[in-house]
Amino acid sequence: RCNMGDAAIVSYIRYFIDRVCNPPPNVSLEFSLPSGQAHVLTTPRRSPFQPSDISLGSIFMCLDIPNVLHAVNCLLQEQRILVVSRQRSLLFSVCYALLQFIWPFQWKYTFIPVLPDRLLSFIRSQRPYLLGLHPRHLRRPDGSDNTDGLVVLDLDQNRITMPMSVLPMPEDEVTRTKSVLSLLLQNDLSQFDNIDFIPSNFPPRLPHFDTLIRLTFLDLLYRLFASVKNNLIEISRGKPRLVYFKIQHFVSEKESEGRWDEQQSKWSREKARAFYLCVCKKPIFWQFY
């Protein structure tokens, strides 16, 4: 039995919350209360579907659906991306949302959602990056353009400019994602019974809005790359484990799956093939095999 007064108990709880850090994922912290009762605190492994303090819906308040999909495509192709706005808080939330939309891919390059003035030299880097900055930095002091070869995502103007080297995602896959996102943003929830990537065992209440957004983008990536697993050959089970990816066979399969417009069949196939070859040769893709 604990003989401490209420004030003392509250002070212990406040100290524990304010001063004791949560353990890393999968590491347990054992502690005992004055009563002698033992407790174990374990931080769960971080999941992209856990609610966040940052709403993913904010990105759609400044960008339309096609521009968001263009930005996701540029991340998959490891472009140098500048996210531009006069509102710093908007820069952070949009940059964060874009990284959530490419899960399970992980951005391993420079990520600075609000670039300080003293780090403006990062813009000249030849490595992929995702940077947020004020639009005044898009031009050099002499007035010349500072964005040659870069992707510029202008949140204030709902506009994206991309170099010619960026290849479009297969349109037949993108069309479905556009439709689902439109339903989400219009709050037309009556259509969700017909969307097969939302699990049937979800609780009766509607899932969190951010979760539905993440599921929509996960569904897009699944349709683009799920058949990769059928084109992996394990060469060695030792350490390190060696796996061979039959990239040409995978790309040929994706070509045969496509629902091509008859008038633009050859052009569509060539663009789709180039897109898959581009992404599958990027380091962001290598983490899967």
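A residue is called buried here when its relative accessible area is under 20%. By that cut-off helix 5 is mostly covered, with 14 of its 17 residues buried. The model described in this report is predicted.

The length of helix 5 can be checked against its residue count. At 1.5 Å a residue, its 17 residues should span 24 Å, and the end C-alpha atoms lie 25 Å apart, which agrees.

Helix 5 covers residues 209-225 and packs against helix 3, residues 88-101. On the side of helix 3 the contact involves Tyr96, Gln100 and Phe101. These meet Ile213, Arg214, Phe217 and Leu221 in helix 5. Sorted by type, the residues of this contact are 5 nonpolar, 1 polar and 1 charged.

Helix 3 also holds Ser93. With a relative accessibility of 9%, Ser93 counts as buried. Leaving aside residues up to four places away in sequence, Ser93 touches Ile54 and Ser58.

An open sheet is formed by 5 strands in the order 4-5-3-6-7, and its pairing is mixed. Strand 4 (110-112) and strand 7 (159-161) are at the edges with a single partner strand each, so one side of each has no neighbour in the sheet. On average, neighbouring strands are turned by 15° against each other, direction ignored.

Helix 2, residues 65-76, packs on this sheet and touches strand 3, strand 5, strand 6 and strand 7. The direction of helix 2 makes about 35° with that of strand 7.

| Strand pair | Bridges | Direction |
|---|---|---|
| Strand 3 and strand 5 | 5 bridges | parallel |
| Strand 3 and strand 6 | 4 bridges | parallel |
| Strand 4 and strand 5 | 3 bridges | parallel |

Val84 stands opposite Leu133 in strand 5, while the bridge partner of Val83 in strand 6 is Leu153. Thr110 stands opposite Tyr129 in strand 5.

**Backbone details in the loops**

In the loop between helix 2 and strand 3 lies Glu78. Glu78 is not a glycine, yet its phi is positive, about 55°. Its relative accessible area is 10%, so Glu78 is buried.

The loop between strand 6 and strand 7 contains Asn158. Asn158 is a residue other than glycine and has a positive phi near 50°. With a relative accessible area of 29%, Asn158 is partly exposed.

Pro104 is in the loop between helix 3 and strand 4. The peptide bond that joins Trp103 and Pro104 is cis, with omega about 15°.

Methods:
Residues are numbered from 1 along each chain as its sequence is written. This is a predicted model: local features need pLDDT of at least 70, side-chain atom pairs count only at pLDDT 80 or more; totals for chains, interfaces and linings use all residues. Side-chain values use heavy atoms; hydrogens and water are left out. Axes are lines fitted to C-alpha atoms, for helices over the stretch in contact, and angles run from 0 to 180 degrees between N-to-C directions. Helices (H or I, at least four residues) and strands (E, at least two) are DSSP runs, numbered from the N terminus. Contact means heavy atoms within 4.5 Å. Ala, Val, Leu, Ile, Met, Phe, Trp, Tyr, Cys and Pro count as nonpolar, Asp, Glu, Lys and Arg as charged, and the others, Gly among them, as polar. Two strands pair if DSSP finds at least two bridges between them. Buried means under 20% relative accessible area, exposed over 50%, partly exposed in between (1.4 Å probe, protein chains only). The expected span of a helix is 1.5 Å times one less than its number of residues.
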